[in-house]
Amino acid sequence: MAKAKRQMQEDIKLIDVVVELVDARIPFSSKNPDIDGIAKGKSRVILLNKADMADPAVTALWKARYEKDGFFTALVNSRSGNGVKTVEEIILKACAEKIERDLKRGIKNRPVRAMIVGIPNVGKSTFINSLAGKAIAKTGNKPGVTKGKQWIRLNKNVELLDTPGILWPKFESVECGKRLSWIGSINDDILVPEEMATDLLNYITANYPDMIRGKYDVAESLPDDGPGALLARIAEKRGCLKKGGVPDYTRAANLVLDDFRSVRIGRISLERPEEA
Ligand code: G4P
């Protein structure tokens with residue numbers, strides 16, 4: 001982490017614009033806190049990736065919020081490629097002043113240099129492949145291409161720097177940690193699925209009650225008899241039972257987490273800009 005930070009501080013000198021990917025379901029908790037400091041004075045783009053998994057109404061609020069804060073933004077689904085095509089245009093827009101300055105000094109056709117950053121699992125590789133698939137293939141074919149720091153020439157307008165270092169998310173609060181665990185960005189082995197699922201069900205019941213009702217057919221149990229009871233009810237309905245008909249909470253919890261992460265419960269946002 002410290003090494004990644006140092007490397008970024010070095011690389012930033014070569015960069016015109018920092019493009020940060022965040023997870024659209026947690027646009028605050030999936031932002032790396034160090035980037036603001038490192039990228040001071042640079043143009044900034046925030047891509048709300050995995051927009052297909054988040055609540056579109058809440059994502060629109062986040063987009064407006066980050067734009068108000070001075071970022072250029074776009075909604076992206078790197079997996080399907082939706083929105084990826086607009087990114088080049090946004091990068092150029094973010095660098096408009098710099099391009100203008102270059103032109104005045106007689107510098108023409110110098111590509112803008114963008115650094116792509118994001119916490120693990122946010123979709124950085126998928127995004128870069130989608131944006132620059134052919135360009136990457138071309139670079140890879142050249143002999144002697146160094147591993148590690150990698151420049152990818154997108155076209156005559158834009159060059160990308162893919163930073164190999166790992167940037168961790170922020171754990172500013174218990175809430176941030178919980179949200180990161182729900183989306184699967186913290187190693188599940190160190191977490192207790194029953195607690196995670198109970199908390200998640202609690203959140204979804206409070207914010208998207210119809211989705212829980214629709215998905216698990218538990219209308220009668222909402223919201224009065226509590227989230228622990230809800231997990232038991234789901235275990236029953238889904239046949240997650242141990243010998244003697246005792247609810248298997250671990251299995252039910254993993255089922256709920258898997259349903260959430262596969263968007264089978266619905267498109268859910270886990271935080272709103274007014275709380276951040
Ligand atoms: P990273 O480099 O930032 O660590 O993330 P990576 O691209 O490996 O993506 C992590 C997971 O997120 C992958 O799923 C990837 O397909 C998925 N993903 C990335 N962007 C999007 C998006 O915009 N929408 C959706 N729905 N998913 C996205 P995986 O299950 O780990 O791998 P795979 O089965 O897709 O190969």
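**The ligand shell and a helix**

Modeller: Helices are DSSP runs of H or I, at least four residues, numbered from the N terminus. This is a predicted model: local features need pLDDT of at least 70, side-chain atom pairs need 80 or more, and totals for chains, interfaces and linings use all residues. Residues are numbered from 1 along each chain as its sequence is written, and side-chain values use heavy atoms, without hydrogens or water.

Biologist: How far is a polar side-chain atom of Thr126 from an oxygen atom of the ligand?

Modeller: A polar contact is a pair of N or O atoms within 3.5 Å. For the side chain of Asn77, the distance to a ligand oxygen is 3.2 Å. For the side chain of Arg79, it is 2.9 Å. For Thr126, it is 2.5 Å.

Biologist: Where do the buried residues of α4 fall, seen down its axis?

Modeller: Buried means under 20% relative accessible area, and exposed means over 50% (1.4 Å probe, protein chains only). In α4 (residues 86-94), Val87, Ile90, Ile91 and Ala94 are buried. Their arc, taken from the directions from the helix axis to the C-beta atoms, spans 100 degrees, so they line one face of the helix.

Biologist: Which exposed residues does the face turned away carry?

Modeller: That face of α4 is turned away from the buried side. Its exposed residues are Glu89 and Lys93.

Notes
Polar contact = N/O pair within 3.5 Å; in protein donor to acceptor, adjacent residues only side chain to side chain. Helix = DSSP H or I, 4+ residues; strand = E, 2+ residues; numbered from the N terminus.
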